[in-house]
Amino acid sequence: MIDVRALTKVYVDKPAVDAVSFFVKEGEVVGFLGPNGAGKSTTLRMMTGFLPPTSGEVLIGGVPMHRDPLKAKRLIGYMPENAALYPEMRVAEYLRFRAMLAGGGRAELRKAVPQVLEECFIGDVAETVIGSLSKGYRQRVALAGALVHRPKVIILDEPTIGMDPAQIVKIRELIRGLGRERTVLLSTHILPEAEAVSDRVLVIDHGRILAQDSPANLRAALKGRNTYLVTLKAGPKAVAETFAGVPGMLQAAETRRTESEVSLRLEAEKERDLREPLFTLCVREGLTLLELREDTLSMEDIFLRLTTEDETTKEAVA
Ligand code: ADP
Ligand code: MG
């Protein structure tokens, strides 16, 4: 449903997003997890057609964003970071406006607005002027704005920022529920949030995807692993599976692919030194090894930089 291919954004000289590729299936809820500055918002802006990529492409429901942006955008409900709302508009009026922009007809509108007001717990402020709302309410109005046209693909950039604990719990429930019929990608720098709502988590740092797995497996990854970064000359074959078969290997994932090179991130048991078996495997499989090194940036380091405190939610659930 979402197909991101080697998406890259270079602002000055250093890439903020570096050949990021991933796929999200229909009906999946995927968490895009990374510390501040990792490149989450930049990726989401490119995916939603608000920022032109330096290279790479995005397909939404098979529609290429760069070739048919109107059609691709219509499939998406996007809640950006610091969403711009119209402070002088009333909430319901704003939502009718958003639904109309997205091409909703009158009859559809009449149903959609009350429904989304209820879903996002903002029915009580339907006739309030947006500018006078608290941050938590405004976040939920922005979320409602992204959902009001019933998009197939929902992309949310740190949706719970600024909400109070009780609201956070409810909004996470709502997001989980959305995944039943729709495809959801949400960014967060809060590990428990990614765990609470996602079927699968993509971990991003320094503009690169470092891992993608179920929340449970990612937790396991915290418990010390050796990580190897391998770069090969690109061939026609997908090679991650070949590496997954090496004894002691826990996870092998392609992290970057260009015309000429493929990079992989390999997670192995801590006790084993896999450098030699990896070299031997490349020789046997006829793979041209361009680089093999142990990663200095471990998953543990990344997780340490993520906001793991989620006291707010605990309080609210208790
Ligand atoms: P995240 O959303 O994960 O916190 P961002 O995508 O906002 O990260 O930023 C990724 C990197 O790109 C950061 O180093 C940030 O400073 C840089 N960056 C973001 N926007 C711009 C911009 N408009 N110009 C230059 N650098 C930018
Ligand atoms: Mg951001």
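Accessible areas come from the Shrake-Rupley method with a 1.4 Å probe, and for residues only the protein chains shown count as cover. This is a predicted model, in which local features need pLDDT of at least 70, side-chain atom pairs count only at pLDDT 80 or more, and totals for chains, interfaces and linings use all residues. Residues are numbered from 1 along each chain as its sequence is written, and side-chain values use heavy atoms, with hydrogens and water left out.

Q: What share of the accessible surface of the chain belongs to carbon and sulfur atoms?
A: The accessible surface of the chain amounts to about 15100 Å². Carbon and sulfur atoms contribute 52%.

Q: What is the radius of gyration of the chain, and what would a compact globule have?
A: The radius is taken over C-alpha atoms, and the globule rule is 2.2 Å times the number of residues to the power 0.38. For 318 residues a compact globule would be near 20 Å, which agrees with the chain's 21 Å.

Q: Which residues are the protein donors of the magnesium ion (ligand 2)?
A: Donors are N, O and S atoms within 2.8 Å of the metal (3.2 Å for Na, K and Ca); water is not among the atoms, so sites may look incomplete. At 2.1 to 2.4 Å from the ion lie Ser41 (OG) and Glu81 (OE).

Q: Is Ser41 buried or exposed?
A: Buried means under 20% relative accessible area, exposed over 50%, and partly exposed in between (1.4 Å probe, protein chains only). Ser41 has a relative accessible area of 12%, and therefore counts as buried.

Q: What is the relative accessible area of Glu81?
A: Glu81 is classed as partly exposed. Its relative accessible area is 34%.

Methods. Chains lettered and ligands numbered in written order.
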